[in-house]
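Have a look at the fold before you read on.

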Amino acid sequence: MAEENDQEKTEQPSARRLQQAREEGQVPQSRELSTFLVTITGVAMMWMLGGWVAERMHMLIRNGFIFSRDVAFDHTLMLFRLQDILGGALLTLLPLFLALMVAAVAGPIMLGGMVFSPKALGFKFNRMDPIKGLGRMFSVHALMEMVKAILKALLVGGIGALAIWGARDHLFDLMVQPLEVSMPDFANSLLLTTLLIASSLGVLALLDVPFQLWQYQKKLRMTKEEVKRENKEQEGDPHVKARIRQVQREMARKRMMAAVPQADVVVTNPTHFSVALKYDPDRMGAPVVVAKGRGEIALKIRELAREHDVPLLEAPPLARALYAHCELEEAIPAGLYTAVAEVMAYIYQLNNWMEKGGLPPQAPADLAVPEGMDPGSPD
């Protein structure tokens with residue numbers, strides 16, 4: 001039972017799964033939303049430009065039937081006249097066509113955004129499989145689409161029939177009126193009926209869009225095993241990551257050890273901690289920790305310091321505080337300025353004594369470390 005539950009798609013799709021679906025051209029789509037946008041845009045354009053379009057078309061048709069005898073008997077001139085009429089009609093309807101094109105593209109963009117997927121254009125043999133095709137035809141999705149189509153036809157047809165039935169007396173009255181009066185009135189009635197039908201399509205779109213989004217998310221759901229596999233792929237093999245971290249630590253340790261010979265002083269615990277400091281007043285605002293370690297690493301730091309004549313200073317509280325509160329290649333915290341200043345002054349005196357001789361300087365003792373910065377002895 002546990003294995004069966006793991007194979008159930010109960011997990012929400014991850015960001016990577018959604019991105020892969022977009023790359024394959026799989027985005028939420030709603031035919032009802034596209035149909036509504038195209039219909040309402042057509043109604044709005046005809047409402048705004050209907051009079052101008054009718055006037056332009058009337059002028060084109062009237063001019064098309066007015067021609068001279070020479071044009072009537074010359075098929076070349078007649079073709080030019082037909083070309084002018086068709087070109088004028090296309091230019092007249094061009095704003096409507098452009099608006100409908102924008103509306104048709106706006107629907108998919110509103111749900112799935114701009115998507116261009118070469119993978120979706122590729123040829124797939126499984127689409128030609130007749131068995132899978134029959135499966136899609138008699139699937140639950142196909143059944144729901146058929147039910148939606150029937151309901152849409154009933155709703156749209158019913159609203160259209162009610163609108164026409166309610167205006168039947170007015171339409172019959174238009175039949176006995178002059179053409180100049182009846183045609184604009186009939187056009188307004190037709191636009192009003194179309195607007196009612198478009199409104200019903202809007203109701204269908206409001207119901208269909210959430211359903212399509214839910215169905216899209218459900219289709220992309222993942223099993224628990226798929227989630228684990230994806231997380232593993234994103235995070236990488238833990239053994240490989242552990243090996244990478246180990247190599248990184250070794251490289252960092254080598255860089256750290258290479259910086260010990262250039263240090264000015266190594267502050268020790270004396271056995272548990274070692275911290276190497278360097279200070280260049282021309283480039284640094286405060287001394288910087290170039291190496292630090294505990295245990296075997298601390299011993300290695302001290303050995304390198306002795307090999308390269310780097311002074312060692314035993315100051316257990318300061319060594320523990322530097323180790324606990326300082327990172328490599330970072331300046332010491334302000335709380336340790338006073339104690340480290342005494343150390344650097346001692347190193348300056350020590351270097352001066354080694355060059356010029358005289359009385360050796362006395363190593364500083366009982367260096368003041370602020371309360372709370374010394375984590376205490378590890379013993």
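1. Let's start with Leu191, which lies in helix α10; helices here are DSSP runs of H or I with at least four residues, strands are runs of E with at least two, and both are numbered from the N terminus. Leu191 is buried, at a relative accessible area of 17%. For that word and its relatives, buried is under 20% relative accessible area, exposed is over 50%, and partly exposed is in between, using a 1.4 Å probe and protein chains only.

2. Before going further, some housekeeping: this is a predicted model, with local features needing pLDDT of at least 70 and side-chain atom pairs counting only at pLDDT 80 or more, while totals for chains, interfaces and linings use all residues. Residues are numbered from 1 along each chain as its sequence is written, and side-chain values use heavy atoms, with hydrogens and water left out.

3. Which residues does Leu191 touch, leaving aside residues up to four places away in sequence? They are Val43, Met46 and Trp47, where contact means heavy atoms within 4.5 Å. Val43 and Leu191 are 148 residues apart along the chain, yet 6.5 Å separates their C-alpha atoms.

4. On the annotation side, the unreviewed UniProt entry lists residues 33-54, 85-116, 137-166 and 186-211 under "transmembrane region". UniProt positions are in the numbering used here, feature names are shortened, and annotations may be inferred rather than shown by experiment. In the model, residues 33-54 are 100% helix and 0% strand, with end C-alpha atoms 29 Å apart. Residues 186-211 are also 100% helix and 0% strand, and there the end C-alpha atoms are 38 Å apart.

5. How many aromatic pairs does a search of the whole structure find? It finds two. The rings of Phe211 and Trp214 make a tilted pair, with centres 6.1 Å apart and planes at 35°. The rule takes rings of Phe, Tyr and Trp (its six-membered ring) with centres within 6.5 Å; planes under 30 degrees apart are stacked, over 60 edge-to-face, and the rest tilted. Both residues sit in α10 (residues 179-219), three residues apart, or about one turn of the helix. Trp214 is partly exposed, at 43% relative accessible area.

6. Phe273 and Tyr323 also form a tilted aromatic pair, at 4.8 Å centre to centre with 55° between the planes. Phe273 belongs to strand β2 (residues 273-278) and Tyr323 to helix α14 (residues 316-325), so this pair ties together parts that are 50 residues apart in sequence. Lys292 lies over the face of Tyr323, 5.0 Å from the ring centre (the test is NZ of Lys or CZ of Arg within 6 Å of the ring centre and within 35 degrees of the ring normal).

7. Now the strands, which count as paired if DSSP finds at least two bridges between them. β1 and β2 form a hairpin with four residues between them, and four bridges join these antiparallel strands. Val267 stands opposite Val275 in β2, and Val266 has Ala276 as its bridge partner there. On its other pairing, β2 runs antiparallel to β3 (residues 288-294) over six bridges, with Ala276 opposite Ala291.

8. β1 also pairs with β4 (residues 312-314), in parallel and through three bridges; Val266 has Leu312 as its partner in β4. Both faces of β1 are covered, with Val265 and Val267 buried on one side and Val266 and Thr268 on the other. β2 is mostly covered too, five of its six residues being buried.

9. Finally, the packing. The largest nonpolar core has 25 residues, and Leu277, Leu318, Leu322, Leu336 and Val340 have the most contacts inside it. Such a core is a set of buried Ala, Val, Leu, Ile, Met, Phe, Trp, Tyr and Cys residues joined through side-chain atoms within 4.5 Å. β1 (265-268), β2, α14 and α15 (337-356) each supply at least two residues of this core, and α15 gives the largest share, seven residues. Leu322 touches Val267, Val275, Leu277, Ile332, Leu336 and Val340, not counting residues up to four places away in sequence. A second, separate core of 13 residues includes Met256, Ala263, Val266 and Ala291.
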